[in-house]
Amino acid sequence: MLGRTANGLFWMFRYLERAENTARLLEAGLRMALTRDVQTAQEEWRSVITTSGQRALYESTHDSYDGQSAWNFILRDKANPANVREMFGAVRTNARLARTNISSDVWEAVNTSWMELDQMLSRPVSQGAVGDVVSTIRRAGTQVHGAFEGSMLRNEAYHFARVGTFIERAESTARILDMKYFLLLPSLSYVGSSLDSGQWDQVLRSVAGARAYTWLNAGQIDARGIVEFLVLDDRFPRSLAFCRSEQRANLAALARMHGAEGTCNELMRDADMHITDLTVEEIFEQGLHEFLIDFMARNAAISGAIAEDYRFLA
Amino acid sequence: MVGTSDKFDEMFDGQGATRPAYTDYCAWYDEQDNKWLQRKNADADDSFRKTGITFNVYGEDEAEERLIPFDMVPRVITAPEWRKLTRGIEQRVRALNSFLYDLYHRQEIIRAGRVPERLFRQNEAWLANMVGFTPPGGIYTHIVGIDLVRTGPNEWFVLEDNARTPSGVSYMLENRETMMGMFPDLFSQVPVEAVSDYPRRLARSLAACAPPAFAESGRKKPNVAVLTPGIYNSAYYEHAFLADQMGAELVEGSDLRVVNGLVQMRTTSGFKPLDVVYRRVDDDFIDPLTFDPSSMLGVPGIMDVYRSGGITIANAPGTGICDDKAIYSFMPEIVEFYTGEKPLLPNVETWRCADDDSLAYVLDNLDELVVKEVHGSGGYGMLIGPTASKKEIKEFRKKLEANPENYIAQPTLSLSTCPIFTKKGLAPRHVDLRPYVLVSPSGIDITPGGLTRVALKEGSLVVNSSQGGGTKDTWVLKD
């Protein structure tokens with residue numbers, strides 16, 4: 001297939017994942033803000049915006065943090081070029097670019113979701129509507145992935161899309177963890193103490209892992225358990241270990257189809273060595289933040305190498 | 001159902017009786033519940049939006065995607081009528097190809113004094129680079145759209161030849177899909193020729209035009225691609241649709257490069273030769289080395305590869321000259337010159353304003369004529385005398401006098417009507433027809449059907465989608 005089309009597929013699925021992750025982050029923030037007093041709710045919204053990586057931009061256009069401004073900023077504010085409406089527009093644009101390499105089912109799932117969301121986000125989102133918007137975004141993701149799994153050939157197009165999904169998801173989980181770690185555990189002495197279980201609960205909700213975590217850990221919430229779950233537990237589909245194994249499998253499939261490995265497979269192996277057999281104690285020893293920074297850098301390097309190896313750009 | 005006015009209506013005769021072509025359809029229609037039809041009509045737009053069959057319009061603010069309105073009453077042509085039309089179209093397309101070959105070679109038709117030399121010398125679509133070169137298989141117009149209008153039971157005329165890049169075929173296909181989705185029972189009651197294999201026919205026709213380099217390569221199947229200007233082009237949907245349906249690549253200029261004397265596509269596993277390119281990019285932009293140097297849409301060096309037999313470009317550069325309305329006015333002579341036969345499908349009577357006598361006549365009768373720019377298209381830059389205001393006529397007169405050779409004039413034809421579905425029931429509207437013709441060394445292939453454009457405004461004669469026109473599914477009945 002064309003390098004440009006592969007690039008389109010890769011980014012179509014990165015943006016889809018990003019939109020979905022942003023919606024989950026927002027959803028967790030909404031829930032958190034509801035259960036807090038006004039003062040703390042402001043802090044929550046600041047934290048949501050910070051985690052989304054848009055704090056400087058938000059503060060340059062807003063004087064204070066409140067729910068209405070925050071979710072509109074995240075969802076549709078033109079001042080934020082990375083709002084969800086734009087992300088979904090990018091999903092659709094990339095789907096159009098890659099139109100000849102996706103099935104009609106996938107295209108229609110993207111197009112109808114986009115029509116619905118674009119309509120919903122064409123006006124400011126009220127308190128009453130924000131929940132609907134968030135669930136529409138999640139449903140859009142589910143629909144596209146469902147159509148994709150059910151109707152696509154397992155050819156290189158499939159693997160480029162999958163690898164895009166897991167590059168983005170790994171990046172997102174790592175960033176959420178890093179942001180929260182930094183905010184909530186400023187010094188090592190906090191590690192292990194049961195700090196604010198509400199905050200950690202929010203982290204788990206942001207990655208759709210609250211239920212799974214509770215089920216696996218019988219309700220015991222602590223930093224160590226959560227890190228182990230989000231980084232190392234390869235049963236959880238948003239953990240770093242899981243994302244890595246999906247990346248690895250899809251890149252291996254691409255190498256098989258092209259009859260040769262590229263730089264991305266090499267980087268993948270390096271990255272694997274770094275995480276295999278790692279224990280949560282070792283992560284805390286080297287510092288969770290340092291570990292995550294290194295992880296994200298490797299993730300970005302793999303993404304860049306894929307683009308290079310498969311001639312995404314002229 | 002109601003009868004219609006003095007115009008030739010394709011569904012009802014003057015007494016309000018259903019014409020044979022529509023007997024089966026009307027029998028079905030009369031049995032449907034009107035409320036249900038209304039609901040179906042409202043659903044049609046939704047279905048087009050979901051599939052994304054839109055065209056892009058660029059306004060001042062941002063890009064907008066619009067739908068071409070779809071009318072759910074089919075336009076029906078009987079098998080004998082269609083057979084007659086196809087014979088005329090085939091003859092015309094054959095003549096067009098011979099004409100292009102001649103024009104870029106010995107120019108016998110000019111030597112014979114049948115067509116004046118100035119016609120193409122002054123024509124921007126004329127490409128000096130094509131002189132003396134024969135495209136693979138001798139085919140210039142691989143894909144042609146012949147615009148037809150009807151004025152009576154057996155009166156069909158050619159209104160325009162689209163030999164450059166006829167668009168709209170995706171509407172022919174999607175209109176049918178939509179109709180079959182909306183009214184499946186209708187198709188079990190009326191025997192209609194299928195159009196859905198057009199993409200396969202197109203793929204086959206293009207593959208049959210593979211260049212000499214492909215034959216020498218030893219590869220089994222030629223690589224075919226659709227070259228699009230990109231997702232912001234108004235017809236991008238169609239480009240993607242056709243590539244998808246043909247199983248061909250959809251490429252942009254930036255995906256292609258000349259490597260080892262061949263045009264190659266940048267794929268995920270390196271450069272891969274391209275044999276046939278169905279380009280939806282204008283001549284001017286196709287090769288920045290040969291034509292417009294600022295073009296980002298084309299492929300530097302593709303013309304050299306073309307001339308050395310390394311690639312087939314469909315349609316061939318320089319075919320656009322046949323879209324010129326001054327050339328059109330000579331089509332009866334052109335058909336006769338190359339086929340030795342009288343044209344089976346007549347032209348609409350045309351006055352060339354470049355001739356003094358004609359100009360005088362046109363100026364005297366502006367309020368009755370349709371005046372068109374020779375290079376214009378899309379319904380722009382034309383005057384429709386009978387509906388124009390005095391002021392518009394006055395302004396047009398000035399333009400015409402200043403530059404007469406830029407115009408031709410035709411009588412205002414009483415185009416046939418076909419009913420559309422409205423809230424108040426069926427109402428007649430003017431229609432035209434664009435059948436799609438494929439040309440390859442293995443022959444001329446016309447898909448039974450085409451694109452029927454309809455002027456949705458009552459009384460309007462302008463069917464262009466840019467001017468409030470819509471489309472209909474076009475049925476050719478089986479024998």
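Let me start with one residue: Glu238(B) sits in helix α10 of chain B, which covers residues 236–246. Keep in mind that this is a predicted model.

Is Glu238(B) buried or exposed? Its relative accessibility is 3%, and the cut-off for buried is under 20%, so Glu238(B) counts as buried.

What does the side chain of Glu238(B) pair with? There is a polar contact with the side chain of Ser170(B), at 2.6 Å.

Now to chain A as a whole. How many helices and strands does it have? Chain A has 15 helices and zero strands. Its radius of gyration is 19 Å, close to the 20 Å from the globule rule for 314 residues, so chain A is as compact as a globular protein of that length. Along the principal axes, the C-alpha atoms fill a box of roughly 55 × 50 × 35 Å.

On the inside, 57% of the 314 residues in chain A are buried. Take the contacts between residues at least 6 apart in sequence: 69% of those in chain A join residues at least 24 apart.

Last, charge. Chain A carries 33 positive and 40 negative side chains. The centres of those two sets lie 6 Å apart.

Notes:
Residues numbered from 1 in each chain as written. Chains lettered and ligands numbered in written order. Predicted model: local features only at pLDDT ≥ 70, side-chain atom pairs only at ≥ 80, totals over all residues. Heavy atoms only, no water. Helix = DSSP H or I, 4+ residues; strand = E, 2+ residues; numbered from the N terminus. Rg over C-alpha atoms; globule rule 2.2 N^0.38 Å. Buried < 20%, exposed > 50% of the residue type's maximum accessible area, 1.4 Å probe, protein only. Contact = heavy atoms within 4.5 Å. Lys, Arg positive; Asp, Glu negative; His and termini not counted. Charge placed at Lys NZ, Arg CZ, Asp CG, Glu CD. Polar contact = N/O pair within 3.5 Å; in protein donor to acceptor, adjacent residues only side chain to side chain.
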